[in-house]
Amino acid sequence: MERSGQHRASHTRRPPTRAIAARIALILCCANIAADAQPPPETKTIARPSEVLHLYRSIRQFDFNERPLGNFEKTPMYWQRLEGRGLPAYASGEFDESTGYSAAPSFRLRLSGVGANVCYEYRGEDLAVVPGSDYQVVGYVRCDSMRYSRAFIGAFLVDSAGNRIPGSEAISRLLSDTRDWQRVELALIGDFEDAAALRLQLWILQSHNWDASAARPESIIREDVNASAWFDDLAVYCLPRARLRLDRPGGLCFAGSEIAIEIELSNISSESLEARVLIQDSSGRDVHSLEGNILAPDDPRARIKLPELSPGLYRCRLFLSSESESLLERSIEFAVLAPLPVVAAGEHDVGVDIARWLGPDIDGLRELAAQFGCRAVRVNIPLDPLAPDSDRTKQGHDLAALVRTFVGSRIEPIGVLDETQEIRESRDARIAGGTKPGSSDEFQELLGPALMQLGGSLATWQLGAIPLDDPSGTRWTTDRRQAVHAYLSRHVTLPDLVIPTLDPERSIDARDVLSVLIPQYVPTRSLVPHLEFLTQTSPNRRWLTIEESRAGASREMRLADLMRRFVLARSLAPDRIFLPAPFEQSADGGSLAWQPTEQYLLYRTLISYLARKTADTVIHLDEDCIGIVFRDPERPREGVMIAWTWRDRPLEQPLRAYLGGAPMLIDLWGNQSPLPVEQGRVSLPLSPMPVIVDGVEAPLAHLAASFSIAPDYLDPSEPDNTPTIRFSNTFETTLTGRLEISGPPAWRITPSTTEFSIQSGSTFERALAIGTPPRQVATTEIVKTVLILRSPSEARLEFETPLTVGLRDIQVQASAHWDGPDLVVEQTLRNQSRRPVSFEGRCDAPLHPRLERTFRDVPPGEYRTQKYILQNARELTGRRVRLGVTEVRGTRSLEQLVDIPD
């Protein structure tokens, strides 16, 4: 079933909010489900329900066979259906006595109706948490009629008062139509001091709840209105606690430095454990492994030094087993960084969005942001006065610590005012009842707790989250923006307000910042026209927020397209660019920690090489190949070029380009290699993934890119064939040298040599008089130009420019084919001028009389075709015939040669 985004705003059509959203958010926020609604990767734990697992305590088994226990209700004992908006009563669950995984019965959840989700939570008291342990949940699920919804198992920890512990959540992989039973599992980290018990949840959830694009007004919301999922044979196991981490924060280390991983193990049983460590690169290839006596029996800690690794992203995996039975796996991702030009904080206006932030590992987050070279970090500040005081207090302390950390690292923190749906509805209701919007009481309720914790250290505030939660701009009106600015001014010195929008022409106060979202549906090749507003003056600072496009199905193409979007946006020089954070929080290593993603290395390399530089020249290297030269105003002769091809695969042969000096090729992982130079030209390999060419002599590259001969055609019937040769001087001083021009032997080009002296910033222009021989046939000839530069740089540049011989505004084409022994020659004339034309056509073939035809009064924009039939002309096979046209009552004429086919 499909519903428009406008229907979505009604009371019964709105997606689940507070009653369900708190539970959805606690699961989905830490699961890191992608905005394109793709299922997350499966949990890394690989426990198996065997006798070995029972050594580590099988805490609870759910086979749902409760009739012998005296339960004759429709639902299992201690399983409660969650209620609230988005969780209607008509979406429910019950025993299914007819089916099960190993045996009936099973627990069936069912959707029936619009806007429905369903969740049951186990609240029995028999899932107490054992200190020093982690947990494994294994179960079996079968789904039916699920296209736009997903079934999964969730789990989290609670304290002794039954309150959920933030950051403890985990979910299984998402399932749609399976028909057959599917095994799912999830790992739950028990590393929380106040954890008292474990909670289980069984879900059927509509996919639009985590699809960011569904929040847009124009989006179509798709839902299942009749779907079922069966759950059976759930088991909860208490396992050894294992922690895996790099020996430095953020999962970052530099090439050439010592790399070590640390393992910490807490084994609650007396059974011995075997460990195996595996290192894989980003493509999944094994690069190093270690097994055997990794863990000493009497020492729960181990530090393992890894071999030297080249720059890139790696995954370290720890496998624990007992008696050859796999128990669990821990994994972390870490990056080996190539040495790059140093980028101090503030030298590059790039920021990142970390959205909602979970408190642990501030040191890792700080290290990732600092090495990335970003200047600002946006973090969502939930505005929810209805949340429990304990949650708000802890969240406030965590945010305050985070803000102080960024300020100390010269990275600007930006608070994103992330209103809940209930807050918006409450405000709308008060306004409808006559309350003036933007009152001090409203902002005291929303912002007071945050300001109390953050003090004046947070000077920049963004009104609304990304993706846009207010695309129409109706929520933060001018009056309300002024009111919040006045309120913040009481607590913060000179606060800045950031207004997120899709409309670059939106009118806001000059003191505010306009943050324009570049949506994923804008194709990368159309990005520059979409950003044309950046070339116009504006009283506001203008930021860009770039979403990843959906171009390319493969991982490599998606990464390449993302980097191209960044380079094109950067070339238009916005005041700041914001990117989705290329690092993430993960508990796969046994504790919640920050680690890099593959985009981290690619962005970091671009940011480092483009720091302090502005776009100078766009070079069209070849068809579908582009290079953008950036240079530092303080070093105008030095530059870097970012180049790629728009094609789907690498070029078969390198391109040749004049870039000067001895440029170095750097891939986006930071690996360097010299480029071969032959006769002043660089051989440049290109692929869809951009590459960096460092050491480009920017003025020389600009000169080569600016060279042209236009127009690129000759009309032999016109008395003056005068194409103009042009090139520009972007050197800081006068450019001097000699110009040599030559064409086909029968052509006369004047002047053939020219001395030139061009002032800095000027363009050289010289008309070329070209004389062609009598009866010049229509063809394409090469004009060779040699630029011999003397100062300020000595170089020799050679250009070969194709010039097409033809008639201005008249297109003439010819072809030949055989009709038995007869040769049929067709001549087509197309009138591209603004008035009717008439031409006489002719065909001259050896040993055959001339044939003539007439193209009479051909209207503008139309064409005519004439046929010449040469009878019994097989002797012309493999030879040429000459065709021509001469204007009636005019002077224009053109000759053509046509090859005769075999």
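Tutor: Two ground rules. This is a predicted model, where local features need pLDDT of at least 70 and side-chain atom pairs count only at pLDDT 80 or more, while totals for chains, interfaces and linings use all residues. Residues are numbered from 1 along each chain as its sequence is written, and side-chain values use heavy atoms, leaving out hydrogens and water.

Student: What makes up the chain?

Tutor: The chain has eleven helices and 56 strands. Both are DSSP runs numbered from the N terminus: helices (H or I) have at least four residues, strands (E) at least two.

Student: How many of the residues count as buried?

Tutor: Of the 902 residues, 53% count as buried. Buried means under 20% relative accessible area, exposed means over 50%, and partly exposed is in between (1.4 Å probe, protein chains only).

Student: Why is Leu 198 called buried?

Tutor: Leu 198 has 2% relative accessibility, so it counts as buried, because the cut-off is under 20%. Leu 198 belongs to strand E11 (residues 197-206).

Student: What does Leu 198 touch, not counting residues up to four places away in sequence?

Tutor: Leu 198 touches Leu 127, Val 129, Tyr 135, Phe 156, Leu 157, Leu 188 and Val 236. Contact means heavy atoms within 4.5 Å. As for Val 129, 69 residues from Leu 198 along the chain, the two C-alpha atoms are separated by 6.5 Å.

Student: How do you know whether Gly 806 is buried or exposed?

Tutor: Its relative accessible area is 14%, so Gly 806 is buried. You'll find Gly 806 in the loop between strand E49 (795-805) and strand E50 (810-819). Leaving out residues up to four places away in sequence, Gly 806 touches Leu 714, Asp 715, Pro 716 and Leu 894.

Student: And what about His 848?

Tutor: At 17% relative accessible area, His 848 is buried too. His 848 sits in strand E53 (residues 848-858).

Student: What makes the link between the side chains of His 848 and Glu 875 a polar contact?

Tutor: They are joined at 2.7 Å. A polar contact is a pair of N or O atoms within 3.5 Å; within protein, one must be able to donate a hydrogen and the other to accept it, and residues adjacent in sequence count only if both atoms are side-chain atoms.

Student: Why is helix H9 called roughly parallel to H10?

Tutor: H9 (residues 555-571) and H10 (residues 598-610) pack at an angle of about 25°, with axes 11 Å apart. That makes H9 roughly parallel to H10, because angles under 35 degrees count as roughly parallel, over 145 as roughly antiparallel, 65 to 115 as roughly perpendicular and the rest as oblique. Axes are lines fitted to C-alpha atoms, for helices over the stretch in contact, and angles run from 0 to 180 degrees between N-to-C directions.

Student: Then why are H3 and H10 called oblique?

Tutor: The axes of H3 (residues 362-372) and H10 cross at roughly 40° and come within 9 Å. So H3 and H10 are oblique to each other.

Student: Which residues of H3 and H10 meet?

Tutor: From H3 come Glu 367, Leu 368, Gln 371 and Phe 372, meeting Tyr 600, Tyr 603, Arg 604 and Ile 607 of H10.

Student: What makes H11 mostly covered?

Tutor: Eight of the nine residues in helix H11 (residues 698-706) are buried. Among them are Ala 698, His 702 and Ser 706.
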